[in-house]
Amino acid sequence: QRALLGGGTCEASVWKFNDMPVAGVAFPLGNYHNNAEKTYAAEFISKADYDNMQLLLLELVQSGKFRDAILESKNDIVKNYRAWRDKLVIKR
């Protein structure tokens with residue numbers, strides 16, 4: 001399913017504002033905005049969605065079409081991953 005991520009802004013907004021090309025991928029969330037039935041609850045994503053996103057991104061990288069853009073932003077990607085990796089939780 002395709003959507004244009006029309007729900008607001010994200011980290012790419014500042015790049016786009018500075019005339020840089022951007023793209024985005026997103027996961028459908030369970031408990032979107034912590035909205036559980038009777039209380040607050042953690043957001044979650046599907047393990048199948050996570051696995052398929054990995055396959056999609058690997059295919060894009062291996063295709064070579066985005067090689068230059070990936071290499072240019074590699075340091076930022078690594079820095080952000082290191083800063084946030086402890087917050088990334090995979091719910092199985």
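## The one salt bridge

Searching the whole structure turns up 1 salt bridge, a term that here means a side-chain nitrogen of Lys or Arg within 4 Å of a carboxyl oxygen of Asp or Glu. The model is a predicted one, where local features need pLDDT of at least 70, side-chain atom pairs count only at pLDDT 80 or more, and totals for chains, interfaces and linings use all residues. Residues are numbered from 1 along each chain as its sequence is written, and side-chain values use heavy atoms, with hydrogens and water left out.

The partners are Asp51 and Lys47, whose side chains meet at 2.9 Å, N to O. Both residues belong to helix H2, 4 residues apart, or about one turn of the helix. An α-helix has 3.6 residues a turn, so residues three or four places apart point the same way. Asp51 has a relative accessible area of 29% and Lys47 is at 31%, so each counts as partly exposed (buried is under 20%, exposed over 50%, partly exposed in between, with a 1.4 Å probe and protein chains only).

## Helix H2 and its ends

H2 runs over residues 47–63. Its 17 residues reach 24 Å from first C-alpha to last, close to the expected 24 Å (1.5 Å times one less than the number of residues). After H2 comes Gly64, with a positive phi near 85 degrees.

## A nonpolar patch

Val25, Leu56, Leu57, Leu60 and Phe66 make up a nonpolar surface patch with about 400 Å² of accessible area together. Phe66 sits in the loop between H2 and helix H3 (67–84), and at 40% relative accessibility Phe66 is partly exposed.

## The chain and its confidence

Along the sequence the chain follows the pattern α-α-α, with 3 helices and 0 strands (DSSP runs, H or I of at least four residues for helices and E of at least two for strands, numbered from the N terminus). Of its 92 residues, 5% count as buried.

The average pLDDT is 77, and 86% of the residues score at least 70 (pLDDT is the predictor's confidence in each residue, from 0 to 100).

Conventions: Patches are made of residues with over 30% relative accessible area and no salt bridge: like charges are joined within 9 Å, nonpolar side chains (Val, Leu, Ile, Met, Phe, Trp, Tyr) within 5 Å. Accessible areas come from the Shrake-Rupley method with a 1.4 Å probe; for residues, only the protein chains shown count as cover.
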